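Here is the note you asked for. Please read it with the sequence and the structure open beside it.

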Amino acid sequence: TKRKKEVYQLIEELEYKESIESAEVGQMEKIIQKYPNSSFRIAAEQEITKIHSIEFQAAKSSQSLDAMQVYLRKFPNTHLKKEVYLELEHLTYRQAAGQRDHTLLENFLQSYPSSLLIDSAQKLLKEFYLAAYSETRKINTLSAYHEYLLKYPNSHVREQAEGEIERIEYKRVIASENIDQLEKFIETYPNSDYIGEVASTLCPL
């Protein structure tokens, strides 16, 4: 029995050493699960921590969102999860800010509602919406305003765009003096500031 125990311990030692020498985290984790009470466990865990740290620094140095995501998929049990998520947050923001992409900025705000970068992201998004709205106002047509609302439904100047649509519609129905169009305007915009004038135009007709 003693000899048998010594053989098992030797096998355990060899498997631990092989896994550590392989520098394969997955293999070392399997050996730890297989021999959780081994005296070699600490050495294996230290090697895993070392590999996690080296790989994390490499991914971080690349300044790549993809590299950091690959790292997390490769090492889902890393002790550096907090650092990884923080780096992902910063990289996601930088990508959205660098591209001035409203969709990326909106996704960032939704994904990281507690981020310290929230104010900066919101400011950039508002600047983007305003710039797009400024271009829309230069065109100043119904289709342009409708297109703006379709592309940027979450814009903070949405109400202004809707107001411009109402204004253009008002001018159009007043000029038309068409009963159906005047009635449709009243039905569509019952709380409009233009209701009085539209109604008075409708009455004589």
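The numbered points below go through some local features of this predicted model.

1. Helix α4 covers residues 65–74, and its buried residues are Leu-65, Met-68, Tyr-71 and Leu-72. Looking down the axis of α4, these buried residues fall within an arc of 125°, so they line one face of the helix. The face turned away from that buried side carries Asp-66, Arg-73 and Lys-74, which are exposed. As for what lies against the buried residues of α4, they pack against α3 (41–61) and α5.

2. At the start of α4, a side-chain oxygen of Ser-64 comes to within 3.3 Å of the backbone nitrogen of Asp-66. Gln-63 is placed in the loop between α3 and α4. Its phi is positive, about 55°, although Gln-63 is not a glycine. This deserves a remark because most residues other than glycine have a negative phi. Gln-63 counts as partly exposed because its relative accessibility is 46%, which falls between the 20% limit for buried and the 50% limit for exposed.

3. Helix α6, read in the same manner. The buried residues of α6 (residues 102–111) are His-102, Leu-105, Glu-106, Phe-108 and Leu-109. They cover an arc of only 155° around the axis, which puts them on the same side of α6. Gln-110 and Ser-111 are exposed on the other side of α6. The cover over the buried residues of α6 includes α5 (81–99), α7 (118–139) and α8 (142–151). At the start of α6, a side-chain oxygen of Asp-101 reaches to within 2.8 Å of the backbone nitrogen of Thr-103.

4. How many salt bridges does the structure hold? The number is 9. One of them joins Lys-34 and Glu-15, with the closest N and O atoms 3.1 Å apart. Lys-34 lies in helix α2 (residues 25–34) and Glu-15 in helix α1, so this pair ties together parts that are 19 residues apart in sequence.

5. The side chains of Arg-41 and Glu-45 meet in a salt bridge, at 2.8 Å from N to O. Both residues lie in helix α3, 4 residues apart, which is about one turn of the helix. An α-helix has 3.6 residues a turn, so residues three or four places apart point the same way. Arg-41 counts as partly exposed, at 29% relative accessibility, and Glu-45 also counts as partly exposed, at 30%.

6. Arg-172 and Glu-169 meet through their side chains in a salt bridge of 2.6 Å, N to O. The two are separated by about one helical turn because they are 3 residues apart in helix α9. Are the two partners buried or partly exposed? Arg-172 is partly exposed, with a relative accessible area of 39%, whereas Glu-169 counts as buried, at 16%.

7. Glu-164, also in α9. Helix α9 spans residues 158–176 and contains Glu-164. Glu-164 has a relative accessible area of 14% and is therefore buried, as the limit for buried is under 20%. The side chains of Glu-164 and Arg-167 are joined by a polar contact of 2.6 Å. Leaving out residues up to four places away in sequence, Glu-164 touches Tyr-133, Arg-137, Asn-140 and Tyr-145.

8. Asn-140, one of the residues that Glu-164 touches. Where is Asn-140 found? Asn-140 sits in the loop between α7 and α8. Its phi is near 55°, a positive value in a residue other than glycine. Asn-140 is partly exposed, with a relative accessible area of 35%.

9. A nonpolar patch on the surface. Which residues form a nonpolar patch on the surface? They are Val-7, Tyr-8 and Ile-11, and together they have about 270 Å² of accessible area. Val-7 is found in helix α1 (residues 2–22). Val-7 is itself partly exposed, with a relative accessible area of 37%.

How values were computed. Residues are numbered from 1 along each chain as its sequence is written. This is a predicted model: local features need pLDDT of at least 70, side-chain atom pairs count only at pLDDT 80 or more; totals for chains, interfaces and linings use all residues. Side-chain values use heavy atoms; hydrogens and water are left out. Patches are made of residues with over 30% relative accessible area and no salt bridge: like charges are joined within 9 Å, nonpolar side chains (Val, Leu, Ile, Met, Phe, Trp, Tyr) within 5 Å. Accessible areas come from the Shrake-Rupley method with a 1.4 Å probe; for residues, only the protein chains shown count as cover. A salt bridge is a side-chain nitrogen of Lys or Arg within 4 Å of a carboxyl oxygen of Asp or Glu. Buried means under 20% relative accessible area, exposed over 50%, partly exposed in between (1.4 Å probe, protein chains only). A polar contact is a pair of N or O atoms within 3.5 Å; within protein, one must be able to donate a hydrogen and the other to accept it, and residues adjacent in sequence count only if both atoms are side-chain atoms. Contact means heavy atoms within 4.5 Å. The arc is that of the directions from the helix axis to the C-beta atoms.
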